[in-house]
Amino acid sequence: MTDALITLSIDARSISVEAGVTVAAAIAMAGSTVTRRSVSGAARAPLCGMGICQECRVTIDGRAHQLSCQTLCADGMHVVTASEGLA
Ligand code: FES
């Protein structure tokens, strides 16, 4: 298997992952556990991993509410989570 590395940014932090890795996995690999915040500000994280719970929503390339568990990483992608604020 040829593992081409993909480089993306997560909250302005650069990370390289193998092709086929989801954004949710890349966020975890980057050491973050928070993807979004509830309306009361509680930290939320991916739960189901299959597009049902909606807890993994992040902003990807300026598009809010993208499901990170259903999105594959792409080179140059910019991901913003709510680890430090609302996304
Ligand atoms: S983790 Fe449940 S929809 Fe993404």
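Which residues have the most contacts inside the largest nonpolar core? They are Leu8, Ile10, Val17, Val23, Cys73 and Val79, in a core of 15 residues. At least two residues of this core come from each of β1 (5-10), β2 (13-18), α1 (23-29) and β5 (57-60). The model described here is a predicted one.

**Overall form**

The chain contains 1 helix and 7 strands. Along the sequence these elements follow the pattern β-β-α-β-β-β-β-β. The radius of gyration is 12 Å, close to the 12 Å that the globule rule gives for 87 residues, so the chain is as compact as a globular protein of that length. Along its principal axes, the C-alpha trace spans about 45 × 25 × 20 Å.

Of the 87 residues, 36% count as buried. The accessible surface of the chain amounts to about 5,000 Å², and carbon and sulfur atoms account for 55% of that surface. Among contacts between residues at least 6 apart in sequence, 38% join residues at least 24 apart.

**Leu8 in the core**

Leu8, in the list of core residues with the most contacts, has contacts in several parts of the sequence. With neighbours within four places in sequence left aside, Leu8 is in contact with Arg13, Ser14, Ile15 and Val17, and also with Cys73, Ala74, Met77 and Val79. Val17, Cys73 and Val79 are themselves listed with Leu8 among the core residues with the most contacts.

**The sheet**

An open sheet of 5 strands runs in the order β2-β1-β7-β5-β6, and its pairing is mixed. β2 and β6 stand at the edges with a single partner strand each, so one side of each has no neighbour in the sheet. On average, neighbouring strands of this sheet are turned by 40 degrees against each other, direction ignored.

Within this order, β5 has two described pairings. β5 and β6 pair in the antiparallel sense over 3 bridges. Arg57 has Leu67 of β6 as its bridge partner, and Ile60 has Arg63 of β6. On the β7 side, β5 pairs with β7 (residues 78-80), again in the antiparallel sense, over 2 bridges. Here Thr59 stands opposite Val80 of β7.

Most residues other than glycine have a negative phi.

How many residues lie between the strands in the hairpin of β5 and β6? There are 2 residues between these strands, and Asp61 takes its positive phi in this hairpin.

How values were computed. Residues are numbered from 1 along each chain as its sequence is written. This is a predicted model: local features need pLDDT of at least 70, side-chain atom pairs count only at pLDDT 80 or more; totals for chains, interfaces and linings use all residues. Side-chain values use heavy atoms; hydrogens and water are left out. A nonpolar core is a set of buried Ala, Val, Leu, Ile, Met, Phe, Trp, Tyr and Cys residues joined through side-chain atoms within 4.5 Å. Buried means under 20% relative accessible area, exposed over 50%, partly exposed in between (1.4 Å probe, protein chains only). Helices (H or I, at least four residues) and strands (E, at least two) are DSSP runs, numbered from the N terminus. Contact means heavy atoms within 4.5 Å. Two strands pair if DSSP finds at least two bridges between them. Axes are lines fitted to C-alpha atoms, for helices over the stretch in contact, and angles run from 0 to 180 degrees between N-to-C directions. The radius of gyration is taken over C-alpha atoms; the globule rule is 2.2 Å times the number of residues to the power 0.38. Accessible areas come from the Shrake-Rupley method with a 1.4 Å probe; for residues, only the protein chains shown count as cover.
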